[in-house]
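Please read the following briefing alongside the sequence and the model.

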Protein chains: 2
Amino acid sequence: MPPFATPPISPLSITFDGQTGTMSPEGPVLTRRMSDLAGLFADTAAWEAAVADGDPVVYQVASSPVPEAEGELPQSITTILPGTVAGEFHMTKGHQHPNPQGEIYLGLSGTGGLLLFDGERPQWIDMAPGVIGYIPPGWAHRSVNTGDEPYRFLAVYPGNAGHDYGWVLANGMGHRVYRGEGATPRFEPFTATP
Amino acid sequence: MPPFATPPISPLSITFDGQTGTMSPEGPVLTRRMSDLAGLFADTAAWEAAVADGDPVVYQVASSPVPEAEGELPQSITTILPGTVAGEFHMTKGHQHPNPQGEIYLGLSGTGGLLLFDGERPQWIDMAPGVIGYIPPGWAHRSVNTGDEPYRFLAVYPGNAGHDYGWVLANGMGHRVYRGEGATPRFEPFTATP
């Protein structure tokens with residue numbers, strides 16, 4: 001008998017639809033509405049108005065059944081719906097990994113960007129189908145839909161990395177990302193939400 | 001200043017070509033010729049004849065620059081060229097992770113399979129473009145080209161997982177995979193190479 005034990009999860013064949021953002025077999029699906037994004041957008045009055053006006057879904061995260069557990073390598077597809085709050089693009093909350101671990105995002109459909117921040121330097125990676133954005137350990141990360149269609153990406157990340165959302169609320173991501181001229185986003189230095 | 005340090009690698013935008021198996025920017029490229037695969041195929045005489053007859057490349061692994069280091073999440077594309085050794089399909093050496101960590105394979109082009117073995121039970125996942133094969137921690141894994149075209153997949157794995165090839169040579173993978181009738185491979189119980 002070889003010196004290793006069978007872990008609780010079995011090998012899995014997983015398929016996904018890059019046009020709808022679904023995974024099969026399905027795991028948990030997380031939905032973030034505008035009201036879940038308090039403190040993210042610079043224009044609080046415009047954010048409050050959007051919450052009052054139907055509290056739309058801003059993004060969804062559909063996971064495979066692979067658990068967020070030590071030793072596992074879970075995957076999920078995030079769909080960020082298009083739109084802005086007073087010109088500031090729809091975005092994910094953004095987080096740090098309390099246990100510093102790398103992560104990859106693979107663009108599936110639509111166009112967006114990956115905003116990274118190590119506490120001093122913001123970096124931006126243009127994302128599109130087929131592009132891998134590599135998030136090294138220690139970099140906070142947020143995704144932004146910069147287009148007019150849903151932006152979708154597949155994430156693969158170590159199951160023990162964890163999510164610290166509070167760090168981003170406190171420290172920001174270095175930049176805010178606004179709709180600019182044509183297809184080019186406009187970046188402004190981060191300012192705390194009033 | 002937030003309580004984390006910038007690691008040595010910066011955020012990266014990585015692209016890849018699923019039809020040629022290349023990554024950009026490029027990292028190391030590993031080439032395995034028939035002579036590198038001693039002890040893998042059941043028919044040693046047929047393997048020796050293939051080594052003598054030009055020692056063909058059986059597979060290549062093209063990596064991105066993300067290093068195999070603690071906390072990083074490297075990626076690579078493996079291309080297994082089509083063919084058999086006395087009917088036994090071209091395959092990778094197969095390995096265990098000495099540090100048990102999950103891994104994913106994402107099919108890119110061609111058709112193949114992912115053979116997994118936990119020391120007692122072999123499992124098989126049919127791989128094709130768009131299929132994710134999930135390798136849980138503790139399962140040895142090998143890829144097999146079951147088609148007539150190059151079979152390519154993207155691998156994503158924790159940088160501290162490591163590679164133990166000796167375990168597979170000693171314990172096998174539960175099954176051997178042969179060309180069968182039509183597109184269906186034929187499985188035979190593992191026998192040690194004489």
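A contact means that heavy atoms lie within 4.5 Å. On that basis, residues 24 or more positions apart account for 68% of the contacts in chain A with a separation of 6 or more. This is a predicted model, in which local features need pLDDT of at least 70 and side-chain atom pairs count only at pLDDT 80 or more, while totals for chains, interfaces and linings use all residues. Residues are numbered from 1 along each chain as its sequence is written, chains are lettered from A and ligands numbered from 1 in the order in which they are written, and side-chain values use heavy atoms, with hydrogens and water left out.

**Overall build of chain A**

- Chain A contains two helices and 15 strands, where helices (H or I, at least four residues) and strands (E, at least two) are DSSP runs numbered from the N terminus.
- The radius of gyration of chain A, taken over C-alpha atoms, is 17 Å, close to the 16 Å that the globule rule gives for 194 residues, so chain A is as compact as a globular protein of that length; the rule itself is 2.2 Å times the number of residues to the power 0.38.
- Along the principal axes, the C-alpha atoms of chain A fill a box of roughly 65 × 35 × 30 Å.

**Burial and charge in chain A**

- Of the 194 residues of chain A, 53% count as buried, a word that stands for under 20% relative accessible area, whereas exposed means over 50% and partly exposed lies in between (1.4 Å probe, protein chains only).
- Chain A carries 9 positive and 20 negative side chains, with Lys and Arg counted as positive, Asp and Glu as negative, and His and the chain ends not counted.

**Salt bridges**

- Over all chains there are eight salt bridges, each being a side-chain nitrogen of Lys or Arg within 4 Å of a carboxyl oxygen of Asp or Glu.
- In one of them, the side chains of A:R176 and A:E88 meet with 2.7 Å from N to O; A:R176 lies in strand 14 (residues 175-178) of chain A and A:E88 in strand 7 (residues 88-89) of chain A, so this pair ties together parts that are 88 residues apart in sequence.
- A:R176 is buried, with a relative accessible area of 3%, and A:E88 is buried at 2%.
- In chain B, a salt bridge joins B:R179 and B:D148 at 3.4 Å, N to O; B:R179 is partly exposed at 36% relative accessible area, while B:D148 counts as exposed at 60%.

How values were computed:
The place of a charge is taken as NZ of Lys, CZ of Arg, CG of Asp or CD of Glu.
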